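Thanks, everyone; I would like to take a few minutes on how the parts of this model are arranged. Please have a look at it first, and then I will go through it.

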Number of protein chains: 2
Amino acid sequence: MDDVLGFLEQNFDHALAGLTAFCRIPSISAVPSHRHDVMRCAIHLHGAMMRYGATKAGIYPDWGHPVVSGEWSAGRPDAPTVLVYGHYDVQPVDHLEAWQSPPFEPEIRDGYLYGRGTVDDKGQVWMHLMAIEAWRRTRGELPITIKMVVEGEEESEGTSLVSFLAAHGKELAPDAIVISDTAMVARGVPTITLGMRGLCYLEVEVESLPADVHSGTFGGAVENPAQVLCRVLASLKNHYGQVTIPGFYDSVRSLSGRERQELDALACYEEQFRLAAGAQQFSRGEWGYSPFTRMWRRPTLDICGLRSGFIEEGVKTIIPARAHAKISMRLVPDQDPKEIMNATEEHLRLLTQGRAVRLSVKRLDSGRPYLADRNRLAIAAAQRALFRAFGRETVFAYEGGSIPALKTFADMFGKPCVLFGFGLPDEQSHGPNERLLLDNFRLGMKSCALLYDELSRMNK
Amino acid sequence: MDDVLGFLEQNFDHALAGLTAFCRIPSISAVPSHRHDVMRCAIHLHGAMMRYGATKAGIYPDWGHPVVSGEWSAGRPDAPTVLVYGHYDVQPVDHLEAWQSPPFEPEIRDGYLYGRGTVDDKGQVWMHLMAIEAWRRTRGELPITIKMVVEGEEESEGTSLVSFLAAHGKELAPDAIVISDTAMVARGVPTITLGMRGLCYLEVEVESLPADVHSGTFGGAVENPAQVLCRVLASLKNHYGQVTIPGFYDSVRSLSGRERQELDALACYEEQFRLAAGAQQFSRGEWGYSPFTRMWRRPTLDICGLRSGFIEEGVKTIIPARAHAKISMRLVPDQDPKEIMNATEEHLRLLTQGRAVRLSVKRLDSGRPYLADRNRLAIAAAQRALFRAFGRETVFAYEGGSIPALKTFADMFGKPCVLFGFGLPDEQSHGPNERLLLDNFRLGMKSCALLYDELSRMNK
């Protein structure tokens, strides 16, 4: 593989120039005024795929922003097919004053490339394109068939990917899926993300009156829905940080001794996550579990929003008519979102029984947790590729949130998904001064090239 | 007194026409675009005072809306001087669609005069003007000296009354103060309001992060300030509805046996207050006390507002950076607002100790509770006047909220204040379809005329 890796080393400046041009396009999918920029970015990416030898490539528009897809056929007809996923849209750039250089004028400082999209996710898409090009230019062919699917709605809401898969999913027929949109636990530590948590998201309303009333006139004799809501929400967790909803933990899969050891071994990297959150310290959280275990392998419940009564500046002495809360629960295998929703609603009803209030619960979103089978060959191939690139054993980590595409692919193809990512926890993927470590850009390209090599030995 | 009361009876239609004209002026003090209407209303009232024989009258502008003042000298030079307070400004008229007739086109239906200001407080101001006129027209002179002070900022915020009193307070030198801006406990039940509760209003902020973070990525390991706030607020009251702030009840004056009996006797009127609040049932509230006792003679704590994180439509999975609450506490004699503020802040700090959060407490407003000495002659005079008008014993009630002017007068003059009001709990003084029972308009005018008679026998 010295030839392929050598090519990447020699052409690093070319790769960086290409990524920089890609990042200059403000493809903010959530802001309607950038709609044209998102399309421009799709066309740019499509052009790059063609330039770098795609046997076919296309732009697939839907109601929202298009999916861009490209295919490179393997030299060997019986080589496995691998679906590579990424996204070319980026987060908004609120708080412009916090950026040290303009978000869409990428700039190198201190060994990083700064700019919106550098790590999330244009940089990681570009690593694959460059790895493909290195194989093509040195060997004249690819060891596997690669089908890139790059969407433009990962940072917003949309149905383009689902529509694309409905129309073209059967043609894709991958033997493995590689998703490059995650982070390593720390600099220099190659990481495979094994799973993500599921979600239950609901909105709770407590109402006691048709309209706000004067807190002087009626205070003490009329039920205050904000107070009832606070009491209910407070009682959803006990003093040990455990969720008190009956049955909540019944289906939670325990960690094996090996998983526990692996997470313990990562404890030294937790501090970076604390810094990334900007927290003075970790919360006490659920008793008996480390921060990583709590973020990755334990379910949790968080209040995402509260609203009741008078919330402007100043004084208004009212008893509010109603109070609202938004609640997100993060689930782990084998919790079932529907069962958890049912148990939660029943528990909320119990907690407000006998109070002079009306409770309503709206179920807004839900998703199942995902955990990869670490014994699949594709995972082992990725481990070997990362070892060859970084010279160091891979660690297994998890993602506390959800990656919608992962769920979609896993459900659709039933094939192993490898979360093969090169971000870092402090690279501000959704914040100001997003950046990508240039070393990781280099190592990421090499890892991708090596991954194709390793996957080529996988039986179809 | 048959002559004076007879005059009022015969001239009822004239009185009603005058009140109707007064109520046509949309003197909404809190809405800047009605500034001119408020001034027009002040001029209208000033004109009426002059027309009804005021020996002097004036409009006293300040930064805000003016105070209108009029004086009628007694025939007898040693007669007592009584300050009569009311206000000519009115509440806004939000939710116009809920009004059955336009708020500023007074209309008679089912024995009520409907319209904004009919009961709060133009109707009650007009009762005094008509009572004065009846005395003047039948006897040629008044039995007491009356100084009316009618402000235009009771329903908004302003300093005009305080400025007016600073400039003219000494000239007023009343022997008693009569405030007509309260309600009877029920139809046909003459009521003197003996006291009002005080206030501590504060804003609490709990902060754990510099910015919102993803509830998936960090949920379980980072302190959620909304959760901490809910836990803190929930713990401010125990299962018995008692406030748990240490020392909160230390200075609360117990009810005497007689006061307890009086409140028990009023229990049959509580239902009307529940209906006025629109509540399905009263709250459990503080254990061992009736609704009236809880509203009038017991301190309480209410959440007036809550705000944290994402409060729009839909889903946003965040751990909020901070959470806010507005809290109002209603105090009773002899609680001291400053001591209660201190105890509350100290307790809040204790409750958040050891949590990874920063707590800040802002003190926004406070006021001392007020309780009249029921043995003052002016109170007895008012009781007799109401008995003569209604043919029924007066009951003593209280006001759960605050009347800023009462506090101002009580502190300034150290003279008895008589809260002598003719509203009803269901007359929607701040809501749509505000109304005044015509029977009470009639009885109110007669009560005022009789009150002047009774007060004239009071020693200076």
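This is a predicted model: local features need pLDDT of at least 70, side-chain atom pairs count only at pLDDT 80 or more; totals for chains, interfaces and linings use all residues.

Copies are superposed by least squares on the C-alpha atoms of residues with pLDDT of at least 70 in both. On that basis, a rotation of 180° with 0.1 Å of shift along its axis brings chain B onto chain A with an RMSD of 0.1 Å, which is the relation of a two-fold axis. Both copies use the same surface, in that 100% of the contact residues of chain B recur in chain A.

Residues are numbered from 1 along each chain as its sequence is written, and chains are lettered from A and ligands numbered from 1 in the order in which they are written.

Turning to the interface, 65 residues of chain B are in contact with 65 residues of chain A, where contact means that the C-beta atoms, placed from the backbone, lie within 7 Å. The largest share of chain B's side, nine residues, comes from β11(B), with strands being DSSP runs of E, at least two residues long, numbered from the N terminus.

Within β11(B), B:G305 is the bridge partner of A:G309.

Methods:
Two residues are in contact if their C-beta atoms, placed from the backbone, lie within 7 Å. Helices (H or I, at least four residues) and strands (E, at least two) are DSSP runs, numbered from the N terminus. Two strands pair if DSSP finds at least two bridges between them.
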